[in-house]
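Here is a briefing on one protein chain.

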Amino acid sequence: NTPKEDPNWQTSSAWAYVNGQDGTSSFNAPSQNGYYAVWYLLENKYETIADPIYIAVGRPAKNAPTKQQYALTEDIVVKYSNLSGVVTDWIGVFEEKADFTVDKPLFTFQPEGAKEGEFCIEAGKLPAGQYKVVCFYAGTQENISTPAYFTKCYRDAYGETPSETRSHLSR
């Protein structure tokens, strides 16, 4: 929410008046870990003229598939931690080469305010390929984690992935 839409905007951690067309402002780091938004408000009015800048204080969000390689018939389990706890945080799964700042995810998960947990992508939801999992802040495309990678691949008649079969052949 913008400061105008949010009845709690007055609970800001810090503020500063600025003059001129450009410059910098410095703030002391908040005492609590979390995710903070910096808003630019024009002429002492509580209306924004620019998108906020999000800043993480403390440990960044993490996400990790429980394995790096899954068969097409396996569910994919992803664990996450250190999210902000904002109800609109979300996690997206993208093709490995996708630009997650503009491309749509192939799968999304809404933690509903949970800061840590896990979720499952049912077998068959993603085709064979290489993927990345990324956490986002407060309903935005603002990435708050390092992408984590996994591969969804076919298994042969012996239940081995192509890389496992190649390793047996090279012995």
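The side chain of Ser84 reaches the backbone nitrogen of Val86 at 3.1 Å. That is a polar contact, a pair of N or O atoms within 3.5 Å; within protein, one must be able to donate a hydrogen and the other to accept it, and residues adjacent in sequence count only if both atoms are side-chain atoms. The model is predicted: local features need pLDDT of at least 70, side-chain atom pairs count only at pLDDT 80 or more, and totals for chains, interfaces and linings use all residues. Residues are numbered from 1 along each chain as its sequence is written, and side-chain values use heavy atoms, with hydrogens and water left out.

**Ser84 and its loop**

- Ser84 sits in the loop between strand E5 (76-81) and strand E6 (90-95); helices (H or I, at least four residues) and strands (E, at least two) are DSSP runs, numbered from the N terminus.
- Ser84 counts as buried because its relative accessibility is 18%, where buried means under 20% relative accessible area, exposed over 50%, and partly exposed in between (1.4 Å probe, protein chains only).
- The side chains of Ser84 and Asp89 are joined by a polar contact of 2.5 Å.
- Leaving aside residues up to four places away in sequence, Ser84 touches Tyr35, Asp89, Lys115 and Tyr137; contact means heavy atoms within 4.5 Å.

**Val93 in strand E6**

- Val93 belongs to strand E6 and, at 1% relative accessibility, counts as buried.
- Not counting residues up to four places away in sequence, Val93 touches residues including Leu106, Phe107, Ile121, Val133 and Phe150.
- Pro105 is also touched by Val93; the two are 12 residues apart along the chain, and their C-alpha atoms are separated by 5.4 Å.

**Strand E10 and its partners**

- Strand E4 (residues 69-71) and strand E10 (residues 148-153) pair in the parallel sense over 3 bridges; two strands pair if DSSP finds at least two bridges between them.
- In this pairing, Gln69 stands opposite Thr151 in E10.
- Strand E9 (residues 129-136) pairs with E10 in the antiparallel sense over 5 bridges, and Lys132 stands opposite Tyr149 in E10.

**Lys152 in strand E10**

- Is Lys152 buried or exposed? Lys152, which lies in strand E10, is buried, with a relative accessible area of 1%.
- A polar atom of the Lys152 side chain lies 2.6 Å from the backbone oxygen of Glu74, and the backbone oxygen of Leu72 lies 3.4 Å from a polar atom of that side chain.
- Lys152 and Gly129 are 23 residues apart in sequence and 5.2 Å apart in space, C-alpha to C-alpha.
- Among the residues that Lys152 touches, not counting those up to four places away in sequence, are Tyr70, Ala71, Ile76, Ala123, Gly129 and Tyr131.

**Surface at Ile49**

- Ile49 lies in the loop between strand E1 (34-38) and strand E2 (53-57), and its 51% relative accessibility is why Ile49 counts as exposed.

**The chain as a whole**

- The chain has 1 helix and 10 strands, in the order β-β-β-β-β-β-β-β-β-β-α along the sequence.
- Of its 171 residues, 26% count as buried.
- Of the contacts in the chain with a separation of 6 or more, 58% are between residues 24 or more positions apart.
- The accessible surface of the chain comes to about 11,600 Å², and 48% of this belongs to carbon and sulfur atoms; areas come from the Shrake-Rupley method with a 1.4 Å probe, and for residues only the protein chains shown count as cover.
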